[in-house]
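Good morning, and thank you for coming.

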Amino acid sequence: MSTNRDRAHRQTARATVLRAIATRERRSHLSAPRVPTVGIDIGGTKVMAGVVDADGTVLERVRTETPDKSKSPKVVEDTIAELVLDLSDRHDVHAVGIGAAGWVDADRSRVLFAPHLAWRNEPLRDALAARLVVPIMVDNDANTAAWGEWRFGAGRGADHLVMITLGTGIGGAILEGGRVKRGAYGVAGEFGHMQVVPGGHRCPCGNRGCWEQYSSGNALVREARELAVADSPVAHHLLDRVGGRTRDITGPLITELARSGDAMCVELLEDMGRWLGVGIANLAAALDPARFVVGGGVSEADELLIGPAREAFRRHLTGRGYRPEAEIVRARLGTDAGMVGAADLARLVARRFRRANRRRAERAHRTTFELRLPPRSREAGP
């Protein structure tokens, strides 16, 4: 009985928050330069939300598990709304930005496809805007991470920037002149599915030999588990750490052992770094950026990964020795990059929303003023 009362109390409290957001004066949207916005990063395993100020500082963060992809889209929307309302209890939320691990259309309103969620042509922006009654921004998570690094992290000062996110797979984004390049249909930057080995490992996308099958968290763990299953002598230390349970081998564990000097784990990261460098050289030939920023969970390996990537990049770069070489640096914002970038992009959306409302109000005021004029005054010319 008490449980039902508690649930009813929480629902009433959240309804109050919604009413407060709905009735908030629109002048509050960025009328002060330091207003906070909420950024949400939706990945394959977690949903992280944070309140971020105009300097990119995370004031508070909350997180929960990502709903299983078999769940309906509404379950994911409920999860996002719960996190936003939770933060709204303690902060004055002015806009919400969402970085989703999936393909987002050019209008940044629909998630066309998300491999880890049940989103198929899902009108996410409008669905959440109706529930939260604040401006909503939706973008690909690599785009938001790139924007966060460009604004506040390792990408500052670079007019031509390419972001590579190494996680379960490989994500990517392109920034030129302070703008995210999304392509004609909004799905630019899917570098992980460039083919680097014809007829190579099968990729979940349906093709073979994709880049992310050789340089990603999944690739790292797959190689380690194959050595462990084969009972290779070089894998004995790793097997001892997981008690012989190969399913417990993870990317963070491999990185930890590599840092402590385990030869096999160091070699696995070197192999992955070399493939990373090959892909970056291909991107340099196509895009010619000034800087590559490498982020995502796997980048925690730092120089164990980035060092071999730089060497392979120099060896495979087209026109090497006769052209300027792009920098390859590790992201600075870590796992917060997507969340911080989404919040900052939402701030821009809120600013446009506020300006549009102000112009609308000015037009309404002029119309009202003209209607109140006497007929002769309205007819008189200048």
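This is a predicted model: local features need pLDDT of at least 70, side-chain atom pairs count only at pLDDT 80 or more; totals for chains, interfaces and linings use all residues.

Which residues are buried in helix 4? They are A142, N143, T144, A145, A146, W147, G148, E149 and F152. Here, buried means under 20% relative accessible area, exposed means over 50%, and partly exposed lies in between, with a 1.4 Å probe and protein chains only. Helices (H or I, at least four residues) and strands (E, at least two) are DSSP runs, numbered from the N terminus.

Residues are numbered from 1 along each chain as its sequence is written, and side-chain values use heavy atoms, with hydrogens and water left out.

Let us stay with helix 4, residues 141-152. Nine of its twelve residues are buried, so the helix is mostly covered. The expected span of a helix is 1.5 Å times one less than its number of residues. For helix 4 that gives 16 Å, and its end C-alpha atoms are 16 Å apart, which agrees.

I turn now to the nonpolar cores. A nonpolar core is a set of buried Ala, Val, Leu, Ile, Met, Phe, Trp, Tyr and Cys residues joined through side-chain atoms within 4.5 Å. The largest one has 42 residues, and those touching the most other members are I164, L166, W211, L276, I280, F292 and F313. Among the elements that give two or more residues to this core are strand 9 (160-166), strand 12 (291-295) and helix 9 (303-316). Helix 8 gives the most, with ten residues. Leaving aside neighbours within four places in sequence, L276 is in contact (heavy atoms within 4.5 Å) with I164, L166, W211, S215, V294, L305 and A309. Apart from this core lies another, of 29 residues, including A49 and V93.

Finally, the strands. Two strands pair if DSSP finds at least two bridges between them. Strand 2 (residues 46-52) and strand 3 (residues 58-65) pair in the antiparallel sense over seven bridges, with G50 opposite R61. Five residues separate these strands in a hairpin, and G56 in the turn has a positive phi of about 85 degrees.
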